[in-house]
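Colleague: I have the model open beside the sequence. Could we go through a few features together?

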Amino acid sequence: MSNTQYDYDVLVIGAGPGGYVAAIRAAQLGLKTACAESRDTLGGTCLNVGCIPSKAMLHASEYFDAASNGTMEKMGIEVKPTLNLDKMHAQRLDAVEGLTKGVAFLFKKNKVDWLQGHAAFKDAHTVEVNGETKTAKNIVIATGSSVTPLPNVEVDNSQHIVVDSTGALELPEVPQKMVVIGAGVIGLELGSVWRRLGAEVTCIEFLDEVLPGMDGDIRKEARKVFKKQGIDFKLSTKVTGCTVKGKKAVLTMEPAAGGESETLEADCVLVSIGRKPNTDKLGLDAIGLELNKRGQIETDHNFSTKVDGVWAIGDVIPGPMLAHKAEDEGIAVAENIAGLTGIVNHDVIPSVVYTWPEIAGVGLTEEQAKEQGDIKVGKFPMMANSRAKTNHEPDGLVKIIADAETDRVLGVWAIAVPAGTMIAEAALAMEFGATSEDIAYTCHAHPTHSEAVKEAAMAVTGKPIHI
């Protein structure tokens, strides 16, 4: 086939944050582009049932909690809130609708063809979508991920008793007792939504601490904060089964190391033990593309697979399953296809937990950094930050890890109400190869939460001012 015989220069499979961004960028670069998506709306998991709707519920529940737990009263605002859950769900759906329509508008604006339906490979340059055959010189796999199932625990979102992250967004009433299986990002975010709205929440985690993969100090501090907010934890615990009896679920569990079994009854169980790449029914056998042991598609630095003309980005390839990682890879893969140089620095990808306060990190944990050599660490507590003090937000800290010899920043971790925004400064500094001294001698506006980053940088050399 010559280039002129292809229907498209680029065909992207999947319209999540990676896929739709790749399609738009490819079109911007003058390539004839299509994007195949089986959902009725664009935006993938993130916009439809993930990042966006969960933030709408987190934000709304924060207001309710501040009004009901005495926070507002302490500041002289005396209110008695009434929960209108239908209205809270409505504003979530409104946010989702606005953003998914926004992506559809961007497709039209950039002349990206939306091929509605499931796409599967027939060969390396041909896919079938809804019975129609489409060809492309380059095909980008951006199919994202889905909820990892837990053996012996059957999810049925329609019953609102045993749910996954999608079902946890749609509960029609606040459960009296909620059990969250998995103390990772999704479990803690959604668990905290329903805790604020009145549920008793117990979080069960197989490992010995919450938030796997994050810095050790941050993990311990986070658990203390959540416990103070009323979330109970059962760590080092394995869930072995779940039975639904009427409108209740009964969980069986045992110590992770083995031991005596116990049961726990709940009105709602949220299964949130992770996500797995969506590679089923893609027809990868037809193009001879094998998966690695974790079910992922391996690519080179340019996001090209071992099959010529087939590329892959986002949750289906190795690396953190984060929307912004997928977006950056979407831009990079489009630029590489267009003959430009698209690069993603996978060493500087921030991660954020959108709880109250937020938890964020970028780069290496202290544990990882120590394995690479000698380090210096600086910490600064938010209770010593003037803006956090005036806002009645004393929980948390900022932690900076630097190379002992060069002072280059290796990792930054934070628990603070706006930690997700604060971490961008750290990521930018690390992208430019900053030292802790560079951050310490950069003037930060006063009073802001971000001054804690400056003070933590000063603490690396033992010279913070306000502690």
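Colleague: How exposed is Glu-132?
Modeller: Glu-132 counts as partly exposed, because its relative accessibility is 46%. Please keep in mind that this is a predicted model.

Colleague: Which residue does Glu-132 form a salt bridge with?
Modeller: The partner is Lys-134, and the closest N and O atoms of the two are 3.5 Å apart.

Colleague: And Lys-134, is that one buried or exposed?
Modeller: Lys-134 counts as buried, since its relative accessibility is 19% and the cut-off for buried is under 20%.

Colleague: How many salt bridges are there in the whole structure?
Modeller: A search of the whole structure gives 17 salt bridges. In general, side chains of opposite charge can pair when their charged atoms come close.

Colleague: What about Asp-217, which residue does it pair with?
Modeller: Asp-217 forms a salt bridge with Lys-399, with 2.8 Å between the closest N and O atoms. This pair links distant parts of the chain, 182 residues apart. Asp-217 is in helix α8, residues 216–228, and Lys-399 is in strand β21, residues 397–403.

Colleague: How accessible are those two?
Modeller: Asp-217 is partly exposed, because its relative accessible area is 26%. Lys-399 has a relative accessible area of 0%, so it is buried.

Colleague: Which residue meets Asp-407 in a salt bridge?
Modeller: The side chain of Asp-407 meets that of Lys-376, at 3.2 Å from N to O. Asp-407 lies in the loop between β21 and β22, whereas Lys-376 is in strand β20, residues 375–381, so the pair ties together parts that are 31 residues apart in sequence.

Colleague: Is Asp-407 buried or exposed?
Modeller: Asp-407 counts as buried, because its relative accessibility is 10%. Lys-376, with a relative accessibility of 23%, counts as partly exposed.

Colleague: Which residues do shared partners join into one network?
Modeller: Salt bridges that share partners join Asp-215, Asp-217, Glu-366, Lys-370, Lys-379 and Lys-399 into one network.

Colleague: What lines the largest one?
Modeller: The lining of the largest cavity is made up of Val-147, Ser-165, Ile-186, Val-271, Ser-272, Ile-273, Gly-274 and Arg-275. By type, these residues divide into four nonpolar, three polar and one charged.

Colleague: And which residues line the second largest cavity?
Modeller: The second largest cavity is lined by Val-398, Val-412, Trp-413, Ala-414, Met-422, Ile-423, Ala-426 and Val-453. This lining has eight nonpolar residues, no polar and no charged. At least two of the lining residues come from each of β22 (409–416) and α12 (419–431).

Colleague: Now the pockets. What is the volume of the second largest pocket?
Modeller: The second largest pocket has a volume of about 930 Å³. Of the 27 residues that line this pocket, Ala-66, Asn-69, Thr-71, Trp-356 and His-392 lie nearest its centre.

Colleague: Which elements give two or more residues to that lining?
Modeller: They are α3 (51–68), α4, α7 (185–196), α8 and α11 (386–390). The largest share of the pocket lining, five residues, comes from α3.

Colleague: How does that lining divide by residue type?
Modeller: The lining of the second largest pocket divides into eleven nonpolar, seven polar and nine charged residues.

Colleague: How exposed is Val-79?
Modeller: Val-79 is partly exposed, because its relative accessible area is 39%.

Technical notes
Residues numbered from 1 in each chain as written. Predicted model: local features only at pLDDT ≥ 70, side-chain atom pairs only at ≥ 80, totals over all residues. Heavy atoms only, no water. 1 Å grid on protein atoms, 1.4 Å probe; cavity = no way out; pocket = protein on both sides within 12 Å on 5 of 7 lines; lining within 4 Å. Nonpolar A, V, L, I, M, F, W, Y, C, P; charged D, E, K, R; others polar. Helix = DSSP H or I, 4+ residues; strand = E, 2+ residues; numbered from the N terminus. Buried < 20%, exposed > 50% of the residue type's maximum accessible area, 1.4 Å probe, protein only. Salt bridge = Lys/Arg side-chain N within 4 Å of Asp/Glu carboxyl O. Points joined across faces, edges and corners; volume = space filled by probe spheres on them.
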